[in-house]
Amino acid sequence: MTVLVTGGAGYIGSHTVLELLQAEQNVLVLDNFSNSSSESLKRVKELTNKTVTLIEGDIRDKALLETLFTQHSIDSVIHFAGLKAVGESTEIPLDYYENNVWGTINLLQVMKQFNVFKFVFSSSATVYGDPQTVPIKENFPLSATNPYGRSKLMVEDICRDLAASDSNWKIALLRYFNPVGAHESGRIGEDPNGIPNNLLPFIAQVAIGKREALAVFGDDYDTVDGTGVRDYIHVVDLANGHLKALAHLAKQNGCVAYSLGTGKGYSVLEMVKAFEKASDRPVPYKIVARRPGDIACCYADASFAKEVLSWTATRNLEQMMKDSWRWQSNNPEGYKK
């Protein structure tokens, strides 16, 4: 049987595909390469010496999805495909709702058509909105402050409604905190288009000399040094969370959400200092005004994932930074030749 991985050439997707192959799973990847490169999966093949079938296409193409489910013995789906930049989502919200919400509905309809009911969804800690307290538990109130987060929350609601309507569905909603790092080989990692939206790739590009300085948005939050605190999780730990969730679906009923994080928060300036230590390079930064919608502190209570999925993050901040720097220094232009 085969696992369909949508968006499998992307940052988290490619690391998950690698872990699936090493776990002797058959993998079929569907990706439209809007924010990814086929080179990532070529390198996954080199690292694992295993074959992955790659189809270029879009989850909004129902005919293509029907062809894939007809031609392959798919028994489960891990769904990464989606637009993911918070700022961009406020500028082109219709694109986010079309791709992230309608695209997922399309995928779920075809899954139901072919009696495939095991579904792991790439959600986000953004569905917790601005939490009143930390650490954040799965039963906290849900809300969203931007179209990206709202699209994730909409899909979660759809999945909950779907599971309530039909007991065949087995759905895991994985709410990520902040994925960072890269595979220890330095061969696959995060390769953002244009200016990075996330902190660590920006820090890495400053360290390599590609960008002049890091903009730190606010230094007057109620945190250890005034800068925002987030829960950063190594991408390989996160990938393994998907394998644990997939395995658990065999004995899970309905739709269940899991927070995947380390349970520890680091400030922006703590991240800068840790990266400087790992790279032995300075990371110049400048303090600028807060960004609208940013919150002071956000980190997970990951005890539910540990209890139910037997999953926990094992890689520490030092490992995250070393692996990030190895990827960046070996691939200063990402996957581009």
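A cavity is a set of points where a 1.4 Å probe fits but cannot get out, and its lining residues have an atom within 4 Å of a point. In this predicted model, the largest cavity is lined by 14 residues, of which Gly10, Tyr11, Asn35, Ser36 and Asp191 lie nearest its centre. Tyr11 also belongs to the lining of the second largest cavity, and within helix α1 it is one of the residues that meet helix α8.

**Cavities**

- The lining of the largest cavity divides by class into 4 nonpolar, 7 polar and 3 charged residues.
- The second largest cavity, with a volume of about 100 Å³, has a lining that includes Val180, Glu190, Leu200 and Trp327.

**Packing of α1 and α8**

- Helix α1 (residues 11-22) packs with helix α8 (residues 235-248) at an angle of about 60°, and their axes are 8 Å apart.
- The two helices, α1 and α8, are therefore oblique to each other, and α1 passes α8 in a right-handed crossing.
- On the α1 side the contact is made by Tyr11, Ile12, His15, Thr16, Glu19 and Leu20, while the α8 residues that they meet include Val235, Leu238, His242 and Leu246.
- Sorted by class, this contact between α1 and α8 has 9 nonpolar, 4 polar and 1 charged residues.

Technical notes: Residues numbered from 1 in each chain as written. Predicted model: local features only at pLDDT ≥ 70, side-chain atom pairs only at ≥ 80, totals over all residues. Heavy atoms only, no water. Axes fitted to C-alpha atoms, helices over the stretch in contact; angles between N-to-C directions. Helix = DSSP H or I, 4+ residues; strand = E, 2+ residues; numbered from the N terminus. Parallel < 35°, antiparallel > 145°, perpendicular 65-115°, else oblique. Left-handed = near helix turned anticlockwise from the far one by under 90°. Contact = heavy atoms within 4.5 Å. Nonpolar A, V, L, I, M, F, W, Y, C, P; charged D, E, K, R; others polar. 1 Å grid on protein atoms, 1.4 Å probe; cavity = no way out; pocket = protein on both sides within 12 Å on 5 of 7 lines; lining within 4 Å. Points joined across faces, edges and corners; volume = space filled by probe spheres on them.
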